[in-house]
Amino acid sequence: MNDYWHFFLNDVFPALNQGLWISIAVIVPSALLGLALGVLVGSLRVYAPAPVRLLNEVYVSLFRGTPLVVQLFFWYFALPHLQIGDLRIVLSPMSAAILGFTLCSGAYHSEYIRGALLSIRHGQIKAAQALGMSKTQTVLWVVLPQAMRRALPGCGNEIIYLIKYSSLASIITLNELTGIGRTIAKQTWRNIEVFVALGLYYLLLVTLATLLLQYIERRLALPGFSHARR
Amino acid sequence: MTTPQPILRVEGIHKTLGDQLVLNDVSLTVNRGEVKILIGPSGSGKSTLLQCLNFLHHPDQGRIWLDGREFKATSRRELCAFRQQVGMIFQDFNLFDHLTALGNVQIALIKVKGMAKAKATHRAKEELARVGLADKMDLYPAQLSGGQKQRVSMARALAMDPKVLLLDEPTSALDPELIGEVLAVIRFLASAGMTMIMATHQIAFSATMAHEFLFMEKGRIVERGSPVHLLAPGATSRTMAFCAKINELSGDLGMAERRCASSSSALADKPQGGHGTT
Amino acid sequence: MDFAKTIPVIWESLPFILGGITWTLSLVFGAMLLGLCLGIPLAVGQVYGTRTVRGCIGIYVWLFRGIPILVQLYLFYFGILAYLSQVPSLAGLGLDSAFLAALLVLGLTSAAYQSQIFRGSIQALPEGQLKAAQALGMTESQAVRSIILPQALRLSIPGWSNEYSILLKDSALAFAIGVMEIMSRTRTVAALTHEPLPFALVAGVLFYLLTHMGIRALKTLERKVRIPGYARQGSMS
């Protein structure tokens with residue numbers, strides 16, 4: 001038993017804690033950028049002229065239709081082979097991960113945003129226009145604030161997914177939680193203990209994020225608004 | 001009527017839902033072939049009482065006898081056996097949405113009574129024909145009108161050969177023009193000697209076939225008697241007052257008394273089997 | 001990148017890569033089936049079960065939804081199954097198979113997600129359905145089997161189509177423990193030929209096609225088992 005504690009306290013936890021910070025350094029910017037991209041793309045898919053709309057549909061369909069591992073593989077391993085003239089893009093594991101996660105989760109976020117925008121009653125838009133607002137103003141100040149509240153549960157879920165899928169960054173050699181866990185397991189041959197501990201770290205992250213999102217949802221709730229959905 | 005044979009007897013039913021006493025010491029007896037009508041304002045406990053009689057709600061207190069045997073909901077098997085003998089018609093039909101009209105009538109015959117499929121189909125077709133829906137048996141609930149749905153639900157209950165049929169406001173979810181077809185089936189059943197307890201606001205209609213009116217208020221039966229008695233011209237019964245109020249609300253100001261009176265006089269010429277079911 | 005040189009390479013390795021489809025689809029359908037068989041009782045237990053049952057199922061769902069697939073794959077393959085296959089009485093059962101580990105992880109996780117889909121469908125049914133079944137003398141289990149589930153499963157099909165595309169994409173992670181599915185084969189070829197770009201695209205195209213074909217198939221299923229008149233009624237309310 002003593003040996004167990006020793007192992008966890010001296011070998012596992014300090015290393016995983018280090019990985020945790022790297023994971024967070026990937027997750028937080030990816031989540032924020034992804035959400036911003038999702039709002040932009042979602043709005044364009046609803047309100048932009050046809051060609052722009054089509055372009056966005058293609059983006060969403062591509063990124064939702066292929067596995068995230070394949071996308072990461074593309075950004076990190078394949079992109080450097082794409083040479084246009086003298087221009088070659090080589091991304092570090094960290095930036096490839098953030099780029100991959102942002103583009104992928106942006107596509108998913110846009111689905112929720114689009115659905116929420118379409119659910120806003122037409123009268124709201126008419127009323128805003130009757131007050132003299134431009135189309136952009138209407139979207140920014142009337143439609144989006146309502147739609148964001150409706151999209152929040154879906155987008156929140158997406159952020160939870162992102163936390164879990166951030167583990168894929170280890171595949172493109174980033175030493176975040178999972179990458180470090182894998183290294184300790186290889187060095188110590190104590191696979192079950194290390195991976196259980198690793199699982200607990202993610203459970204903790206996911207549970208904390210869920211609670212935080214629930215809190216935000218409650219704070220932003222408008223009286224009687226969610227019931228008006230049906 | 002010769003010696004009355006009690007089919008269903010309940011004594012001292014109490015039921016609390018949440019922190020509200022919904023049924024407060026309710027007792028009643030129904031004899032074979034009798035029709036009892038529960039009336040009273042909404043929230044008076046009619047629906048809860050009917051659901052207690054079928055143990056969809058378990059009463060907190062009270063005793064129930066079916067066909068002379070006291071029923072105690074001790075085992076699940078007994079409970080199911082009891083419910084088979086007590087038919088239930090719901091206000092909002094509750095047809096099984098994934099089954100055709102035929103399937104709705106069939107399913108309990110097969111699953112509960114263990115009847116062979118061919119036999120169950122035959123029986124179900126018979127019951128659907130009885131309620132005038134032989135030509136609709138392959139349609140799904142969403143393809144039927146409200147009146148047709150309610151008739152299917154009656155066929156479904158009758159196929160189980162219940163000893164008594166409980167009807168919980170069978171027409172109140174229907175558009176006015178669809179009420180008639182359901183009432184015709186009920187009248188037919190009454191004339192065929194089916195024992196029934198019905199909660200309804202169709203006072204004029206039910207007065208023509210009821211043996212007894214039970215007026216409920218705040219979870220108690222506060223008045224009971226034959227419709228002739230309660231609705232006699234000039235009567236000062238609660239039932240009469242309630243009847244007048246309903247008619248007043250539905251816009252027939254002044255018509256109320258006349259209508260109640262005429263319905264009670266209609267009793268004189270005994271309920272005739274309304275054969276207009278098809 | 002020289003296209004003239006790469007196209008023959010792709011062409012040559014295509015049979016090898018396409019062979020991975022069998023593994024990918026076996027994983028996806030195997031996991032969906034396992035998830036279905038486990039997800040239904042989990043959902044029924046979560047709606048109709050006692051407090052203890054509901055609590056246990058809640059913990060199961062929390063665990064499998066909270067731990068990343070990749071971590072689960074490592075835990076099952078390098079940890080639990082590797083340990084079990086060392087136990088003498090279990091030797092020879094082939095427990096150290098990477099495919100088995102991937103199937104278990106994807107199936108158990110899918111069960112957690114599918115149970116939530118079914119639970120939502122069961123709770124979306126009007127309460128009267130259960131009451132009417134009980135009023136006819138059905139036991140609770142008869143009512144659930146012949147009245148509630150047939151309707152709830154139909155309502156679950158859109159959720160399934162989502163589950164299929166998630167499983168398909170998650171199945172690509174099985175390459176991390178060496179299952180020879182599409183991702184794993186394209187990666188092998190990419191490493192051998194030093195041409196990751198075309199092969200990343202090949203993998204992307206294959207997964208894209210499989211996702212959309214599967215979703216289309218489930219749309220057809222949804223139409224086939226639709227209850228006549230039901231959808232129309234739904235869209236009105």
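Mentor: We'll go through the chain contacts and then a few helices.
Mentor: It's a predicted model, where local features need pLDDT of at least 70, side-chain atom pairs count only at pLDDT 80 or more, and totals for chains, interfaces and linings use all residues. Residues are numbered from 1 along each chain as its sequence is written, while chains are lettered from A and ligands numbered from 1 in the order in which they are written.
Trainee: Which chains have the most contacts?
Mentor: Chains A and C, among the 2 pairs of chains that touch. A contact means C-beta atoms, placed from the backbone, within 7 Å.
Trainee: How far apart are the closest C-alpha atoms of chain A and chain B?
Mentor: 20 Å, and no contact joins those two chains.
Trainee: And how many residues of chain C are in contact with chain B?
Mentor: 22, meeting 22 of chain B. Helices α6 (127-135), α7 (140-171) and α10 (230-236) of chain C each supply at least two residues of that side; helices here are DSSP runs of H or I, at least four residues, numbered from the N terminus.
Trainee: Where is the kink in α7(C)?
Mentor: At C:I157, shortly before the proline C:P158, and it's about 45°. That bend is the angle between axes fitted to the seven residues ending there and the seven starting there.
Trainee: What about the end C-alpha atoms of α7(C), how far apart are they?
Mentor: Only 37 Å for 32 residues, short of the 46 Å a straight helix would reach. The expected span is 1.5 Å times one less than the number of residues.
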